[in-house]
Amino acid sequence: MTSVHSKARSLRHSQSDVTLMAHLVRRAGFGARAEELEALAVKGYDVVVDDLLHPERFPDLDEDLLERFHSEHSDDESTGWTVTRWTYQMINSKRPLQFKMAIFWHGLFATAVSKVTNNPMMRDQYLMLRDNGLGNLRTILQKLARDPAMLYWLDQQQNHAAAVNENWGRELLELFSMGRGNYTEDDVKAAARAFTGWTIDQTFPRYPSGYYDARFVYREEDHDHSAKTMLGHTGDFNGDDVIDIILKQPATAQYLGKHLCKFFVEDDPEEAAISAVAETLVASSFDIRATLRMLFTSDFFKEAAFKKVKSPVEHVVGTVRTAGRYTDPWEGGIDALVPTMGRMGQALLNPPTVEGWHTGREWIDSAYLIERVNFAAELLGDPTAPGVSAMADRIARGRRAVAAPALVDAVLYEMGALTLGADDKAAVRESLELVGDIPCGPPDRFRETVARICRTISASRQYQLG
Amino acid sequence: MADNRTNGKTGNGAGKAKPPVLVVLQLSGGNDFMSTVVPFGDPHYFDFRKTVGIPEKDVLKLNDSIGFHPVMKPFKQMYDEGKVAVIQGIGYPTPDRSHFRSMDIWHTAEPTKIIADGWLGKTVRDLDPQKQNVCTGVSFGQGLPRAMYFSGTPVISVAHLEGYGLLTSLPGTEQRAAVNAFTRMYAPEEFREASLVMGHIGQTGRDALVGADMLKVAPQKYSSNVEYAGDALSQSLKGIAQVHLADIGTRIFYAQHGGYDVHGSQLQSQPKLWSQVSRAVNDFFADLRLHSAADNVVMMIFSEFGRRVRDNGNGTDHGSGGGAFLIGDCVKGGLYAEYPSLAPAKQASGDLAFNNDFRSLYSTLLEQWLGLQAAPVVNGAFEQFKGMIKSAA
């Protein structure tokens, strides 16, 4: 699709444009109600993709305002507050892809505060991923290899020429770039030796009284300068050399391609899609922005609506955005969203292991499902929530009444072009005793009706998909 | 569906009035067996463990050559009462030193390929083939472990027992309408097959509804003198005790304790971990005994691998062969298999060499304790331990 086609349709949008835009915004961002989607559809799909890929075109949100209105969190250095600020951005930022990519990279380079136990270091890693996530993989890996939280997480402080610690060397190959089966134990040992001396300048004990700034430091005296052989290359390799070698391996593009597809396209991506993304990674020298452009405009992406189970972050933030909550920094309670996502299985900045989160179907077990359903029901069942009342008012505009089936369809549309099977729609109507024509007034009563419909829709199976 | 139960040849537990219960406690991260059961009598021990070695005078000795870590006093007491079986040198062929892969191997009992079928998921399936009790398997903690997963087999995953349930925050009439809609929306498809994921979500939802109703009685019925510690493991085991004592028919319980990946700071971490485990497990069995409900419970403690023989100056890296424990009134306590030698010639690439396959321990539990056929669950025939499971007096 080119912008010529977009201009031809610029004066109106079609249902299918809104549906496609809903899918793009759910995946590249955190979803939106129909009102916002209609405006985006007028701009045109390719324009919106371009805007998503260029967050710098849009103003940054002033996160610090949150602290003005939550003075109990002034100068709060805790990880919970960092994640709260991140959540506030996910809900309200005009640069959503930047924050979505931070989640992608964080899930791949899973580093957890439960071991790092230094909140500023965790925040710095998150900011590094946020600020570099659309750039080049080489840069990202170089910065990751110097990231104090990562260095501590994978024991680089204990990786010395005289006593090699393999943790980072192993996980760099196994989980962060190439994937198992594409290297040998000898490659792991070589990579570990190449990174000896890459450490942080904070030594134990790290703090008796507060957090000290941690910086990457390279200790030459700790570095193993002997020749290493890795993946067919031999030399006195240092850490950046290892990254260069990794980027030469076809396995790297395949591995990253697979993870980009699992995150953005579908839970079980097709080999053809993975290969296409991998080819673009190689052709663009691992330019993430160029690769995502190819991905978002591909047919395999456009055809993948609702083929992913929403992650807890997507479920919570998406539901909050639908309900129109926490749009203003003075709305209290936003920090409670953080443990909520944790109870659904995704505590940002605290993944269960270096392997990250098990996604797809594994987001759904009986405990998680109960949390997801209960959370969404509580938020969307509130008729005073700004998003819920806005949706109700839009449906009511210019109408005296609406037939029950059309009302359920209208709510599904307003929530963001959602879908629901015929049997489930009947269950919604019948459980709420919606029969015949439903009057659109008085407004309060109608908002209550719409809230109940939203709540019931959000309990469905289909609502777990995105 | 074929019934896996060994008709006529029942396990020691299965023949009694109270059906046998298995509690599996997973230590995540690769527990250092050499610091849990310390081989102070091995001439190489202190050479290889220059930094994290435990001085002989501190070890809680089991005999002249091995003993427990000094913080494990409650554990040692259970051992002295004959209730703890120590399975030394447990592992599997071609060990994998990746947490993710090795834990999956223990969870699926399949070292050679990646599968999603958990051994306990299959066990729950075989214990309750007609799916009459969705609470047959209950896992405590955040997220269902792969070990408990088997497609089509309901298992419950609970984070906190109190207040567990669907749409419990809605007012009365609203809740009824919402649960009514939920029940219909999650009903199995009548005419077409659901997609895999929709089928999974549907089954999960139905099981959640039924399970919540059954589980909510457990904390209501519970009363005890035992004061569990506040840490997550103790609270999980307390939850397990509550559900077990509520007698709703749960046969398999799962709990997890993390933090064992001691590449560094091992001298700080290891004692804290095993302090918690020793106390929590001791409190758990004391609670059960208080209610005369301990005699049909066996606990298995395992980890995905042991750690390297030589320490790295501050901790230990991933290894292979390790150890496991069985605890219970029906366990014949003592030392099983052999403590792997630390002699360099006998090591496996710098690790403890395993001398018994973990599927042997699984098979022992499946057949001798649970009264099931082991081969379908562990994908093969493995020699079982003799005399490890005994019938109660």
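User: Which residues in α2(A) meet which residues in α4(A)?

Analyst: First, this is a predicted model, where local features need pLDDT of at least 70, side-chain atom pairs count only at pLDDT 80 or more, and totals for chains, interfaces and linings use all residues. Residues are numbered from 1 along each chain as its sequence is written, with chains lettered from A and ligands numbered from 1 in the order in which they are written. Helices are DSSP runs (H or I, at least four residues), as are strands (E, at least two), numbered from the N terminus. Contact means C-beta atoms, placed from the backbone, within 7 Å. Here A:Leu20, A:Met21, A:Leu24 and A:Ala28 of α2(A) meet A:Tyr45, A:Val48 and A:Leu52 of α4(A).

User: How do I read the spacing?

Analyst: An α-helix has 3.6 residues a turn, so residues three or four places apart point the same way.

User: And at what angle do the axes of α2 and α4 of chain A cross?

Analyst: Two packed helices are described by the angle between their axes and the distance between the axes. Axes are lines fitted to C-alpha atoms, for helices over the stretch in contact, with angles from 0 to 180 degrees between N-to-C directions. These two come within 11 Å and cross at roughly 10 degrees, so α2(A) and α4(A) are roughly parallel (angles under 35 degrees).

User: Which residues of helix α22 of chain A are buried?

Analyst: Buried means 20 or more other C-beta atoms within 10 Å of a residue's own. In α22(A), residues 386-396, that gives A:Gly387, A:Val388, A:Ser389, A:Met391, A:Ala392 and A:Ile395. They pack against α19, α21, β5, α23 and α25 of chain A. After α22(A) comes A:Gly398, with a positive phi near 70 degrees.

User: How many residues of chain A are in contact with chain B?

Analyst: 35, facing 40 residues of chain B. The largest share of chain A's side, eight residues, comes from α21(A).

Notes:
A residue is buried if 20 or more other C-beta atoms lie within 10 Å of its own, exposed if 12 or fewer, and partly exposed in between; C-beta atoms are placed from the backbone. Two residues are in contact if their C-beta atoms, placed from the backbone, lie within 7 Å. Angles under 35 degrees count as roughly parallel, over 145 as roughly antiparallel, 65 to 115 as roughly perpendicular and the rest as oblique.
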